[in-house]
Amino acid sequence: MSTRLILSSSALFLATIGLALTFAPHEILATSDPLQTTAAQLLGAALCGFAFLNWMSKGTVMGGINGRPLAIANLAHFTIGGLALIKMAGQLEPSWFFLTIAAVYMLFAALFARVAFFTRAPSSN
């Protein structure tokens, strides 16, 4: 799978979640607590920022020193987020929604691990 496709699809995925949390936190959380609503909006803003970063970087060569920070940042986000979602889904009733989101997160974690550790920069000979 090309790094362009990985970055584009992760950008669309993160933008979808980020925009939903930014503009509809009350509906998603089903709460009117201002602290939780603001935290959800801040998370949405961070996810939108990550989505923009991935979208703008989709033409970057990922297999070298310049693309490595982007790959590692995505790897960290998707790995930690996926593990947190798996843990949360295990504490709730069988939550297929959170397990599905966790599966997508872990898929992106695996893809970014491949990009970070097994993609080589093209040689400049």
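T37 sits in helix α3, where helices (H or I, at least four residues) and strands (E, at least two) are DSSP runs numbered from the N terminus. This is a predicted model, in which local features need pLDDT of at least 70 and side-chain atom pairs count only at pLDDT 80 or more, while totals for chains, interfaces and linings use all residues. Residues are numbered from 1 along each chain as its sequence is written, and side-chain values use heavy atoms, with hydrogens and water left out.

T37 is a handy place to begin. T37 counts as buried because its relative accessibility is 7%; buried means under 20% relative accessible area, exposed over 50%, and partly exposed in between, with a 1.4 Å probe and protein chains only. Not counting residues up to four places away in sequence, T37 touches P25, H26, L29, T31 and S32, a contact being heavy atoms within 4.5 Å. T38 is also placed in helix α3, but T38 counts as partly exposed because its relative accessibility is 41%. Between the C-alpha atoms of T38 and L70 there are 27 Å, with 32 residues separating the two along the chain.

Stepping back to the whole protein, the model has 5 helices and 0 strands, and reading along the sequence gives the pattern α-α-α-α-α. Taken along the principal axes, the C-alpha atoms fill a box of roughly 60 × 25 × 20 Å. Of the 125 residues in the protein, 34% are buried. Among contacts with a separation of 6 or more, 67% come from residues 24 or more positions apart.

One helix pair can be described in some detail. Two packed helices are described by the angle between their axes and the distance between the axes. The axes of α3 and α4 come within 12 Å and cross at roughly 145°; here axes are lines fitted to C-alpha atoms, for helices over the stretch in contact, and angles run from 0 to 180 degrees between N-to-C directions. The crossing of α3 past α4 is left-handed, a term used if the near helix is turned anticlockwise from the far one by less than a right angle, with right-handed used if clockwise. On the α3 side the contact is made by L47, F50, L53 and N54, and on the α4 side by L70, A73, N74 and H77. Sorted by class, these contact residues comprise 5 nonpolar, 3 polar and no charged; Ala, Val, Leu, Ile, Met, Phe, Trp, Tyr, Cys and Pro count as nonpolar, Asp, Glu, Lys and Arg as charged, and the others, Gly among them, as polar.

Rolling a probe the size of a water molecule over the atoms shows where empty space is left. The largest pocket holds about 610 Å³ of space. On a 1 Å grid over the protein atoms alone, a pocket is an open set of points with protein on both sides within 12 Å along at least five of seven lines, whereas a cavity is a set where a 1.4 Å probe fits but cannot get out; lining residues have an atom within 4 Å of a point. Grid points are joined across faces, edges and corners, and a volume is the space filled by probe spheres set on the points. The lining of the largest pocket consists of 21 residues, with I17, L21, L43, L85 and F98 lying nearest its centre. At least two lining residues come from each of α1 (3–23), α2 (25–29), α3 (34–56), α4 (68–91) and α5 (96–118). By class, 17 residues of this lining are nonpolar, 4 are polar and none is charged.

F13 lies in helix α1 and is buried because its relative accessible area is 16%. Leaving out residues up to four places away in sequence, F13 touches F78, I101, V104, Y105 and F108. L111, in helix α5, is buried because its relative accessible area is 15%. Beyond its neighbours within four places in sequence, L111 is in contact with M1 and I6. The C-alpha atoms of L111 and I6 are separated by 7.3 Å, although 105 residues apart along the chain.

Two loops complete the picture. A30, in the loop between α2 and α3, is exposed because its relative accessible area is 70%. Most residues other than glycine have a negative phi; phi of A30 is near 55°, a positive value. E93 belongs to the loop between α4 and α5 and counts as exposed because its relative accessibility is 66%.
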